[in-house]
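Please work through each task before reading its solution.

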Amino acid sequence: MGFQDFYGNAETVRTLREMLARNRFPHSIILHGPAGSGKYMLAQMLAKAMNCERAPQAGGLPDFCGQCSSCRRIGQADDFDARFAEAVEAREGLREADKREARLLLQTHPDVTIVPPDPPQMMIKVDQVRRVTETVYFRPAAGKERVYVFTSSAFMREAANALLKVLEEPPEFATLILLAENPGELLPTLRSRCFSVRLAPLSVAELETFLSRAQPQWTGKQRALVARLSEGAVGRARTFNLAAYVEARNDALALLACALESHDHSALFKVTDSYRGGADGREKTVQLVRTLYSLLEDMLYLKSGTPDLVRNTDIAVRLERLAAPADFPWLEAAAQELGQVEAGMRRNLLRSLSLDAFATALERE
């Protein structure tokens, strides 16, 4: 186990390890890239390498063993979603007065602190940053380096300002890692005090190679489909639920077919009737809406004469047939109607009726 487990962006990872080797690693760094590009995973790896008790080398550069007490304790936070859910649940169990004062911080190692966005606003709040400033100037308790990982670029302004002092005068034994999909979301004053590192999207070929090992049971067409839909993010490819996507796509194709090919509403009602209320129904509808956007984009690429950009390559013939009667104004209207479906979801309108209205409003004469 070590940095070799990080897939893609090899040169970027090597550069970071070289800075560790020369003891020139920045005290504040922004890791940015698309969702699923591995920002959090890389931040965890860096924290392990900085605090690994065995301090192994691989290829002449610092690595981590993944087996020592320090690596194992830091690794307990590798599953961010699980640890975050546990922290939220623990806070919900507090008394109301205590709940208002409690701020979320994840800490499985005394010297490594994960700062997630705080619900319900899902932003980094000033009290979270104050907890960081209270500890950052104390020497590490068990490891070699204090590491703070901010998992969101959504800072409340007061929180961002509170972080500035630490970024201006960081202690030599502390490293702050800010994760962002778009670094432009951070205040310029924060960006100017941090070293910026970009994790670039991977190519379709790289993702197909990854999936050939991660999902050997998939066919070549399935791997090609997921690689394109993952938009260069290995994390998305790793966790992609192909069965759920195909199910949603079949429903999406039925809605588009009703609008473009047939006015027989019986097939439409059969599909939309399954989109009921409740949390499961909402999640299913969100998946359907995303899939509809994906299909509309592919139809736009086909109408624009750029079929190489189509992502749903396994149904290219079906999409060409659907796109034939659709012109650009129709595609624009479809995107607008889909926006109305999303707006209706926020107002808790009946989902099945919203989807019926979407398809029937787009029927061609």
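**Exercise 1.** At roughly what angle do the axes of helix H10 (residues 220–229) and helix H12 (residues 242–260) cross, and within what distance do they come?

*Solution.* The structure is a predicted model, in which local features need pLDDT of at least 70, side-chain atom pairs count only at pLDDT 80 or more, and totals for chains, interfaces and linings use all residues. Residues are numbered from 1 along each chain as its sequence is written, and side-chain values use heavy atoms, with hydrogens and water left out.

Step 1. Helices (H or I, at least four residues) and strands (E, at least two) are DSSP runs, numbered from the N terminus. Axes are lines fitted to C-alpha atoms, for helices over the stretch in contact, and angles run from 0 to 180 degrees between N-to-C directions.

Step 2. The axes of H10 and H12 cross at roughly 85° and come within 12 Å. H10 is therefore roughly perpendicular to H12 (the class for 65 to 115 degrees).

Step 3. On the H10 side, the contact (heavy atoms within 4.5 Å) is made by Gln222, Leu225, Val226 and Leu229, and on the H12 side by Leu242, Tyr245 and Arg249. These residues divide into five nonpolar, one polar and one charged; Ala, Val, Leu, Ile, Met, Phe, Trp, Tyr, Cys and Pro count as nonpolar, Asp, Glu, Lys and Arg as charged, and the others, Gly among them, as polar.

**Exercise 2.** Describe the chain as a whole.

*Solution.* Step 1. The chain has 17 helices and eight strands, and its C-alpha atoms fill a box of roughly 75 × 50 × 35 Å along the principal axes.

Step 1. Of its 365 residues, 48% count as buried (under 20% relative accessible area, with exposed over 50% and partly exposed in between; 1.4 Å probe, protein chains only).

Step 2. Among contacts with a separation of 6 or more, 71% come from residues 24 or more positions apart.

**Exercise 3.** Which residues of H6 are buried, and where do they lie around the axis?

*Solution.* Step 1. Val126, Gln128, Val129 and Val132 are the buried residues of H6.

Step 1. They cover an arc of only 160° around the axis, so they sit on the same side of H6; the arc is that of the directions from the helix axis to the C-beta atoms.

Step 2. These residues pack against S5, strand S6 (146–150) and helix H7 (157–168).

Step 3. For comparison, helix H15 (residues 316–323) has Leu319, Leu322 and Ala323 buried. Their arc is 95°, so they line one face of H15.

**Exercise 4.** Is Lys48 buried or exposed?

*Solution.* Step 1. Lys48 is found in helix H2 (residues 39–51). Because its relative accessibility is 4%, Lys48 counts as buried.

Step 1. Leaving aside neighbours within four places in sequence, Lys48 is in contact with Met1, Phe64, Cys71, Ile74, Gly75 and Asp78.

Definitions and conventions
Parallel < 35°, antiparallel > 145°, perpendicular 65-115°, else oblique.
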